[in-house]
Amino acid sequence: MEGQGCRFGSGAGAGRFLISLEDLDSVTEDERLDLAGNSNGEEENEQNEDGLLAHWQDIGRRHQVDVSRDMAEPIQQMTTNNQSQDREMVPFMSIAHKKQADELLYEKRQYKKAKWACVTQFESRYEQSICLGFMKLMKYICQQNSSGLFLGMTVPIVTIVHTNQTRTELQPEVTVAYYLPAQFQDQAPQPFDAEIAIEEWPAHIIYTRPFNGTTNEELILQEINQLAEHLDSPELFLQDTFIVAGYNNPAAPSRHNEIWFIHRP
């Protein structure tokens, strides 16, 4: 899994994993109805799209991220179709785990060969790379692909990050990746955006440790180094490439995340 594109390879930003499909979870049901509406009228649909776009642009401004007008239709589609109970989990087999008292130190998992859509960003700020990459994937998920279909949401959305040799800072290269739902694994819809790559990741073993909170640079580095302390043979893993897996809305007060270490082939 080492190499270019969204494969696991080598690659400073600061900030948080901010705008995502999950941000819509922070919108109440009444707000969904007000923003998305139920009218079939073209004029009212456009107004509904504008309302949702304005909502996301307000979120973006608070995080110094620009949400462009061409996000209006994907945001509308995601608001209508993205329900938490319908999100497909990335499949894996749990092989082993290590605990200390009631604390899970790590879990060992086997992931099968699978196709992922991913985009790599090199912005000066970590949160800008994450947000811009995710919005590109969002367009791909929302019909801007060769099938013309809404592909559906899968979790977790993973972020491939790279550190320096001492694991004291993150590198600018950040890759955001989306697991293609099972029905599209054999024939992946092709993205219209040339910056999005469809990659087939080989089967791999990862060691993972859960953590809660905001995925800022400081916490990511802290969790990477903490998991390394619990591994019996840390030299068996990629040394500068790690994955942050996000399962919940970044605006939620309690969020479930994971750090993944990738076992060398």
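Let me start at a loop: Pro156 is found between strand S5 (154-155) and S6, where strands are DSSP runs of E of at least two residues and helices runs of H or I of at least four, numbered from the N terminus. The peptide bond from Val155 to Pro156 is cis, with omega near 5 degrees, and I mention this because most peptide bonds are trans, just as most residues other than glycine have a negative phi.

Residues are numbered from 1 along each chain as its sequence is written, and side-chain values use heavy atoms, with hydrogens and water left out.

On confidence, pLDDT is the predictor's own estimate for each residue, from 0 to 100; the mean for the protein chain is 80, and 74% of its residues reach 70 or more. Among the elements, S8 has the highest mean pLDDT (97) and helix H1 (residues 29-36) the lowest (45). Residues 9-22 have pLDDT below 50, yet this stretch has 72 contacts in the model beyond near neighbours in sequence, a contact being heavy atoms within 4.5 Å. Residues 24-39 are also below 50, with 31 such contacts. Where pLDDT is low, the predicted coordinates should not be read in detail.

Now to the sheet, which is open and has 9 strands in the order S2-S3-S9-S11-S10-S6-S7-S4-S8, with antiparallel pairing; two strands pair if DSSP finds at least two bridges between them. Strand S2 (93-100) and strand S8 (197-201) stand at the edges with a single partner strand each, so one side of each is left without a neighbour in the sheet. The twist from one strand to the next averages 30 degrees, where axes are lines fitted to C-alpha atoms, for helices over the stretch in contact, and angles run from 0 to 180 degrees between N-to-C directions.

The loop between S2 and S3 holds Ala101, which has a positive phi of about 60 degrees although it is not a glycine. Ala101 counts as exposed, at 74% relative accessibility; the cut-offs are over 50% for exposed, under 20% for buried and partly exposed in between, with a 1.4 Å probe and protein chains only. Arg167, in the loop between S6 and S7, likewise has a positive phi, near 60 degrees, but Arg167 is buried, with a relative accessible area of 12%.

How many of the residues of strand S7 (residues 174-179) are buried? The count is 6 of the 6, so the strand is largely enclosed by the rest of the structure. Val174, Val176 and Tyr178 lie on one side, and Thr175, Ala177 and Tyr179 on the other. In a regular strand the side chains alternate between the two faces of the sheet.

Within S4 we find Ala117, which is buried at 0% relative accessibility. Ala117 and Tyr178 are 61 residues apart in sequence, but their C-alpha atoms are 5.2 Å apart in space.

Two helices complete the picture I want to give. H4 lies across S4, S6, S7 and S8, at about 30 degrees to S7. Helix H5 (residues 217-230) packs on the sheet, touching S2, S3, S6, strand S9 (204-212), strand S10 (237-246) and strand S11 (256-263), and its direction makes about 125 degrees with that of S9.

Finally, the cores: a nonpolar core is a set of buried Ala, Val, Leu, Ile, Met, Phe, Trp, Tyr and Cys residues joined through side-chain atoms within 4.5 Å. In the largest, of 47 residues, Tyr178, Ile220, Ile259 and Phe261 touch the most other members, and helix H4 (residues 126-141) gives the largest share, 8 residues. A second, separate core of 17 residues includes Val90, Tyr111, Ala245 and Ile262.
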